Amino acid sequence: GKFSTDIGRQALSWGQGIVFQSLDVFNPFAPASIDTEYKTGQDMALISYSYDLNTQINALLVPRRDVISHDFESDKSSFVLRVQKRFEGTSYETQAIIAKHFDEPMIGLGISTTLLESVIRFDFALFDPDQGNLIPQAIINMDRSWEAFGINWYGYLEYFYSGSGTSSSNYSDLSERLLKKLEQGELFTLAENYLTTGFKQEITPLINLYELVILNLDDNSTLSQLKLTYDLTPNFTILSALTFGLGASGDEFQSLKLLNGGLLGRGDSFLLQGNYYF
């Protein structure tokens with residue numbers, strides 16, 4: 001009744017980020033992911049306990065192997081304890097996380113509530129990669145739905161801060177922590193400050209249009225995405241998306257400076273995808 005255990009490949013989504021994530025570091029979506037219906041997931045063991053109707057406790061193990069020896073290693077794995085609680089009679093919901101992610105201790109706190117017909121969320125995490133050199137990471141966002149011009153709208157605004165990023169536009173010399181994340185195959189951001197906004201219009205019940213803009217506040221480059229979904233039949237959906245970056249040479253979303261002084265171009269992209277359900 002109160003206990004459940006899931007072992008194997010799972011798609012887990014914790015935290016309250018819409019585009020970026022502070023607490024969902026174990027199996028996150030990339031910020032500009034187009035198809036968010038399917039998540040590849042990871043092999044993990046999850047134990048959940050429902051203390052009462054408003055309180056849930058989770059214990060998570062994400063085992064990982066050493067790339068050379070292929071043995072399971074504790075400093076390559078993640079161990080997590082999470083408590084989520086809704087306060088009865090209010091709109092407040094909180095979650096707290098204590099974890100060891102790879103070899104980094106981590107604590108996190110999230111809170112959400114409603115305000116002026118919107119939902120406001122705040123997630124904050126502290127990482128300790130060097131035993132005393134604390135690195136913060138945080139998101140704050142708000143979203144709401146409304147009706148205008150005879151159609152349904154949805155919109156959000158989100159700010160993300162990464163303490164391991166750089167506040168300058170010189171990306172040729174990444175921090176040791178970012179280089180380590182690159183070696184571990186993790187998602188990370190180059191800069192410190194990002195502002196994101198996005199909208200959705202339900203043109204018809206079968207056609208939905210999405211807009212996304214990610215602004216790097218440190219070098220003023222932007223990543224924009226326009227996405228359209230069309231339910232052609234009850235079990236066949238067409239998804240198309242155009243993604244492009246704007247900025248000066250050397251900026252994150254236009255081109256990156258390499259260690260040898262060269263440039264790595266972003267490249268714009270167009271996606272057309274058909275999904276059949278059976």
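Start by selecting Arg144, which counts as partly exposed because its relative accessibility is 31% (buried means under 20% relative accessible area, exposed over 50%, partly exposed in between, with a 1.4 Å probe and protein chains only). Before moving on, a word on what is on screen: this is a predicted model, in which local features need pLDDT of at least 70 and side-chain atom pairs count only at pLDDT 80 or more, while totals for chains, interfaces and linings use all residues. Residues are numbered from 1 along each chain as its sequence is written, and side-chain values use heavy atoms, with hydrogens and water left out.

**Stop 1: the partner of Arg144**

Glu117 and Arg144 form a salt bridge, with their closest N and O atoms 3.2 Å apart (a salt bridge is a side-chain nitrogen of Lys or Arg within 4 Å of a carboxyl oxygen of Asp or Glu). This pair links distant parts of the chain, 27 residues apart: Glu117 sits in the loop between β6 and β7, and Arg144 in strand β8. Strands here are DSSP runs (E, at least two residues), as helices are (H or I, at least four), numbered from the N terminus. Glu117 is exposed, as its relative accessible area is 68%.

**Stop 2: a second pair**

Select Asp143 and Arg121 next. Their side chains meet in a salt bridge, 3.2 Å from N to O. Asp143 belongs to strand β8 and Arg121 to strand β7, so this pair ties together parts that are 22 residues apart in sequence. Are these two residues buried or exposed? Asp143 is buried, with a relative accessible area of 10%, and Arg121 is buried as well, at 16%.

**Stop 3: the strands around them**

Show residues 104-115 (β6) and 118-127 (β7) as a cartoon: these strands run antiparallel and are joined by 10 bridges (two strands pair if DSSP finds at least two bridges between them). β6 and β7 form a hairpin with two residues between them, and Leu116 in the turn has a positive phi of about 50 degrees.

Then bring in β8, residues 135-148, which runs antiparallel to β7 and is joined to it by nine bridges. Here Val119 stands opposite Asp143.

**Stop 4: a patch on the surface**

Switch to a surface view and colour Phe87, Tyr92, Ile111, Phe122, Phe124 and Ile140. Together they form a nonpolar patch with about 510 Å² of accessible area. Accessible areas come from the Shrake-Rupley method with a 1.4 Å probe, and for residues only the protein chains shown count as cover. Patches are made of residues with over 30% relative accessible area and no salt bridge, joining like charges within 9 Å and nonpolar side chains (Val, Leu, Ile, Met, Phe, Trp, Tyr) within 5 Å.

Zoom in on Phe87, found in the loop between β4 (78-86) and β5 (93-101); Phe87 counts as partly exposed, at 38% relative accessibility. Now click on Arg86, which is partly exposed at 42%. Its side chain meets that of Glu93 in a salt bridge, 3.2 Å from N to O.

**Stop 5: the whole chain**

Zoom out. The protein chain has one helix and 16 strands, and its C-alpha atoms fill a box of roughly 60 × 50 × 40 Å along the principal axes. A search of the whole structure finds five salt bridges. Buried residues make up 38% of the 278.
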